[in-house]
Amino acid sequence: MTTSAVKIQKLSKSYNGSEALSNVDITILDGQFFGLLGPNGAGKSTTINILTGLVRKDSGNIAVFGKDIEKEYRFTRSQIGTAQQELSIDWFFPIEKLLQYQAGYYGISPKNAKERIEELLNRLGLWKKRKSRLRQLSGGMKRRYQIAKALVHDPKIIILDEPTAGVDVELRHELWDYLRQLHQQGKTILLTTHYIEEAELLCEYVSIIHKGKVITEGAPKNLISQLGKAGITVHLTKWDDTLPALLQSYSYTQNNSQLHFTVKDAETEISKIISLISKNGCQIQRVETTKSSLEDVFLSLTGRGINE
Amino acid sequence: MNWIGLWTLTSREVGRFFSVYRQTILPGLISSALYILIFGFTLQQRIAEINGVPYTLFILPGLIMMNTLTNASSNTASSMLQMKLLQQLPDILTAPLSSLEISLAYIIGGTVRGFVNGTLVLLLGVLLIGLPVSSPIFSLGYIFIVAWTFSSMGLLLGQLADSWDQLAMMQNFFLTPLSFLGGIFYSIKMLPEWAQVLSFFNPIYYMINGIRFTILGISDSPPIISFWMALTMALIFFFSAVALMKSGRKIKL
């Protein structure tokens, strides 16, 4: 049986009477790439801030590798590395020194941290900037430093709060590659994002959170096939009156010689539809598909888009 | 205890103020030298000796205390507020460090700055006006206790403040008047009786008189009372700072 890296049970939190989280249950398995997906203000940051000790819960339990995050905070915090959404600023020390301090907070001496820091600075393209202060770095470099800082004590669980917010496309893809690599090395990754594409591409499992509640969870593929809708448009050379009888099990609309099908899973249905139509001797000019996404899942559950 | 964590945060705090020594060490020395030159040499001709001690020598223990306590308190207060405002605090609060370790690191950092500043003014006095120091070990001990007390108080203020403006207000309306009214430039025997009684409620009065006793052998308050007052204040402010850190007020939601 796979053990759980993080187990959140019935977590609730209010700020000045307004409910930020209500009975949230989340289980993240060891080694899983987990996405916490939701619009801004849904409660994603509150959840991870409680998990890392920055915010106090009102009720509920959180365990990291089976240990309570309050009673055994030294153990649980040493298992987690967090890249905060907000970029921190420091004007006193060069980034190499800051990483050394960060390792020190986790009980790692400068001597033991040296190799790891060098490796991270190289891997994240910051080696040449190691003597620079944070304010001298570009936005993208600051983001990469933030990730190096989360990884400096070699944690088993990596939490990334909106890691690609405000990052250009190139760096976003670089970061995705790096996260995939970390995941392959066996790290458990918790990613919060409101970028649908990011969650679909990277996460093995997602929880969709809306107004402080988990509204659904599952593997992105399963969620899409259960709750999403895809479109298949078939352009015929000419319309045939026998088609409606053959296609009666499908939901579709017709516009002259063009048929538009609404299906759950375009990949499995497309071949069936094509074979039904061609069996009747109809000639197909071309076929277009529109893919369903987590955005559709979110839309069908909440009645609005995730970034609206 | 996370000893490496404690050592790291402490050395960061100490390294932080040493890296900007022009802001954190030199100003205290320069202003103390100015006090000695302007107040001491100009007023010394007009003011009779106080308790048998020339005026310039009399004010020096007060200047040491003032430097110690302003540097110690502003180090912790500004460091804490800065970390809060610049989003650096999450790095520490999410690390496996206890409230005691975090508080200790800040307080030791502030104490080192207060101690360095106080000791440098003491040396300045020795070099500039030949200040006789009757019990140097006790003088240094006093500087340490006062630095510890005000470093703890600065941490309390820094954690409670939401802005630089609030912090400046606490320092300007509270700390500076109390230290000036603690008897840096005068003996309370020169004050009207009601003002003398008020001075007894000012903890800084005991600290200034305590160190004055260790340097010059004179004091307005009995030395043993000064000592216990200073030690009590050190313990009260230290435990209050640790308790406030544990409560997470203004730093954890």
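A search of the whole structure, a predicted model, finds four cavities of 30 Å³ or more; a cavity is a set of points on a 1 Å grid over the protein atoms alone where a 1.4 Å probe fits but cannot get out. The largest cavity has a volume of about 90 Å³, the volume being the space filled by probe spheres set on the points, which are joined across faces, edges and corners. Of the 14 residues that line this cavity, A:Leu98, A:Tyr145, B:Arg12, B:Gln88 and B:Asp91 are the closest to its centre; lining residues have an atom within 4 Å of a point. The second largest cavity has a volume of about 70 Å³, and its lining includes A:Gln102, A:Lys149 and B:Asp91.

Between the chains, 30 residues of chain A are in contact (heavy atoms within 4.5 Å) with 31 residues of chain B. About 2,700 Å² is buried between chain A and chain B, 57% of it on carbon and sulfur atoms; buried area is the accessible area (1.4 Å probe) that two parts lose on being put together, summed over both. In chain A, the residues that lose the most area to chain B are A:Arg74, A:Phe92 and A:Tyr105, together 27% of what that side buries.

Three salt bridges (a side-chain nitrogen of Lys or Arg within 4 Å of a carboxyl oxygen of Asp or Glu) are found across this interface. A:Arg74 also forms a salt bridge with B:Glu101 (2.8 Å, N to O).

Residues are numbered from 1 along each chain as its sequence is written, and chains are lettered from A in the order in which they are written. Local features need pLDDT of at least 70, and side-chain atom pairs count only at pLDDT 80 or more, whereas totals for chains, interfaces and linings use all residues; side-chain values use heavy atoms, without hydrogens and water.

Notes:
On a 1 Å grid over the protein atoms alone, a cavity is a set of points where a 1.4 Å probe fits but cannot get out, and a pocket is an open set with protein on both sides within 12 Å along at least five of seven lines; lining residues have an atom within 4 Å of a point.
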